[in-house]
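Take a moment with the sequence and the fold. Then follow the paragraphs below from one element to the next.

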There are 4 protein chains.
Amino acid sequence: MDHEALLRSYKGFDALYGLQILDCGDESVRGRVPVRDEVRQPFGLVHGGVIAAISEALASVGTAMAVLPEGNGALGLSNQTSFLRPIAEGTVHALATRRHRGRTTWVWDVEITDDAGRLCALSRMTIAVRPLRGGPPDAASPDSGS
Amino acid sequence: MDHEALLRSYKGFDALYGLQILDCGDESVRGRVPVRDEVRQPFGLVHGGVIAAISEALASVGTAMAVLPEGNGALGLSNQTSFLRPIAEGTVHALATRRHRGRTTWVWDVEITDDAGRLCALSRMTIAVRPLRGGPPDAASPDSGS
Amino acid sequence: MDHEALLRSYKGFDALYGLQILDCGDESVRGRVPVRDEVRQPFGLVHGGVIAAISEALASVGTAMAVLPEGNGALGLSNQTSFLRPIAEGTVHALATRRHRGRTTWVWDVEITDDAGRLCALSRMTIAVRPLRGGPPDAASPDSGS
Amino acid sequence: MDHEALLRSYKGFDALYGLQILDCGDESVRGRVPVRDEVRQPFGLVHGGVIAAISEALASVGTAMAVLPEGNGALGLSNQTSFLRPIAEGTVHALATRRHRGRTTWVWDVEITDDAGRLCALSRMTIAVRPLRGGPPDAASPDSGS
């Protein structure tokens, strides 16, 4: 099974809200999302869920690219996002930096900035690394004990 | 300005990923999202960003409905989501319960379950309550100090 | 090696700040800490670190009691504590409730209340379950990859 | 009232577990705790609550020193600590760096390292800044709505 092809052909949620991945490595990943009405909340600001989704995507992709060749998958364990300053227009810029590479968990810090370079949000992502066992992780995943 | 009309006419991110709000009060809010390809990540599971977005939306709407009549707005301060069990199909069910109603922050717990009623994710949302000062909160919000 | 004896004979940090464990099971654990000057911060309130420590201890002990007989250890992966209302005197009461029992991680919610029963803090604890491999987990622990 | 004297004369929880503050500014604070049995958990590792307490103390002191002269107090709103690698002996080193200085909340990142300079834990602290109103914050604090 060619997991990299699977990732490249993917047309799901990240395409829906408009994520563009600019650079991707196992130590840092950079992406952005243009602001349009479809990513706003009722008051006209970028929805916090978009910020959380960007962080989730960058940290997951950075981990997956490194662990897929070893037969492992990457699944988000926790997403802690703090919102510091709202973004109303322009582009949402994101830089994910790996802080820890453990055997079973990776930890990433994600900085969200606006077009003026101001820090607007911070996310800490914990990504679980688990054996794929013949296929991508599914609803009967290794951590689904009860 | 009629804030409730503003909220009702809103066609933004929550419509994009398909949030349906079923009940809304200032102590609990219930919603759901049907699973389709547009809310999945590359491995076919519901994207963690969708889970985080649902939690953000329910807690924000529950707070906003209560504080708008007093001239205050509601803005997410932090979104802490733990992923316990992936969801691959069916419907994402969400129940937000208020845990704290402070003068300047509200705290909500959100439980995410699948069609079988199994607990799949937990979010803790902190929502800031801030004076609207003649309009909805914007990029020059009260907390944007530096 | 008798791990339960090890735990019973333990005189470390939890004794230093005065934790009393009242009930301990693998689904809930109850404890308390009497307030005295040694658990206060400079303004006379109970130190946030004491609240975090109580949550860490209850969730770890509840997990450890269940997984030690299977040859596994329990180690805190993350501690997310939200402070809602300060405690200045009396007793800090804590109730930890298990929310998820996975193969590799357990998740607990901890409620902190004061003598009047008011909710003062909420913690979400993620505890890693790892094979002990002949001894308690140490600095060369399973997750210390790099 | 001389708040700086109050802070200097303080003999509470931070003294109990042995916190030494080495540098203190409103952009970074550095501290350390020597490892001894009284800061260990049952398996002989430094207790997660000690790590959380150090982060809470450094972020609170850094904020307080800056806002006390303006008549404001500093109170922890949330403490999110991720544990990456256990510490068993030597000294716990901590560096808190301010990431956001808002009108009502400050956000700090704290890095915990061991004697070998390895990253062992990461904390994200949110500190509330509130008017003191004639005295230090107490159990009838500004955010204690219900």
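**Where two strands meet**

A:Ser78 stands across from B:Ser82, a residue in strand 3 of chain B. The strands in question are strand 3 of chain A and strand 3 (residues 72-83) of chain B, which pair in the antiparallel sense over five bridges. Two strands count as paired if DSSP finds at least two bridges between them. Strands (E, at least two residues) and helices (H or I, at least four) are DSSP runs, numbered from the N terminus.

A word on the model itself. It is predicted: local features need pLDDT of at least 70, and side-chain atom pairs count only at pLDDT 80 or more, while totals for chains, interfaces and linings use all residues. Residues are numbered from 1 along each chain as its sequence is written, and chains are lettered from A and ligands numbered from 1 in the order in which they are written.

Now widen the view to the whole A–B contact. Here 43 residues of chain A are in contact with 43 residues of chain B. Contact means that the C-beta atoms of two residues, placed from the backbone, lie within 7 Å. On the chain A side, helix 1 (3-9), helix 2 (13-17), helix 3 (48-67) and strand 3 (72-83) each supply at least two residues. Strand 3 of chain A gives the largest share, 10 residues. By class, the chain A side has 21 nonpolar, 16 polar and six charged residues. In this count Ala, Val, Leu, Ile, Met, Phe, Trp, Tyr, Cys and Pro are nonpolar, Asp, Glu, Lys and Arg are charged, and the others, Gly among them, are polar.

How are chains A and B related? A rotation of 180 degrees, with 0.0 Å of shift along its axis, superposes chain A on chain B (RMSD 0.0 Å). The two copies are thus related as by a two-fold rotation axis. The superposition is by least squares on the C-alpha atoms of residues with pLDDT of at least 70 in both copies. Of the residues of chain A, A:Gln80 comes closest to that axis, at 2.1 Å (C-alpha). The same surface serves both copies: 100% of the contact residues of chain A recur in chain B.

Next, the single chain. Chain A has three helices and six strands. Along the sequence they follow the pattern α-α-β-β-α-β-β-β-β. Of the 146 residues of chain A, 52% count as buried. A residue is buried if 20 or more other C-beta atoms lie within 10 Å of its own, exposed if 12 or fewer, and partly exposed in between, with C-beta atoms placed from the backbone. Among contacts in chain A between residues at least 6 apart in sequence, 63% join residues at least 24 apart.

Helix 3 of chain A has 20 residues and reaches 29 Å from its first C-alpha to its last, close to the 28 Å expected at 1.5 Å a residue. The expected span is 1.5 Å times one less than the number of residues. Of these 20 residues, 18 are buried, so helix 3 of chain A is largely enclosed by the rest of the structure.

Finish with the hairpins of chain C. Strand 4 (residues 91-101) and strand 5 (residues 105-113) of chain C pair in the antiparallel sense over eight bridges. Three residues lie between them in the hairpin. C:His93 has C:Thr113 as its bridge partner in strand 5 of chain C. Strand 5 of chain C also pairs with strand 6 (residues 119-131) of chain C, in the antiparallel sense over nine bridges. There, C:Val107 stands opposite C:Thr126. This hairpin has five residues between its strands, and C:Gly117 in the turn has a positive phi of about 80 degrees.
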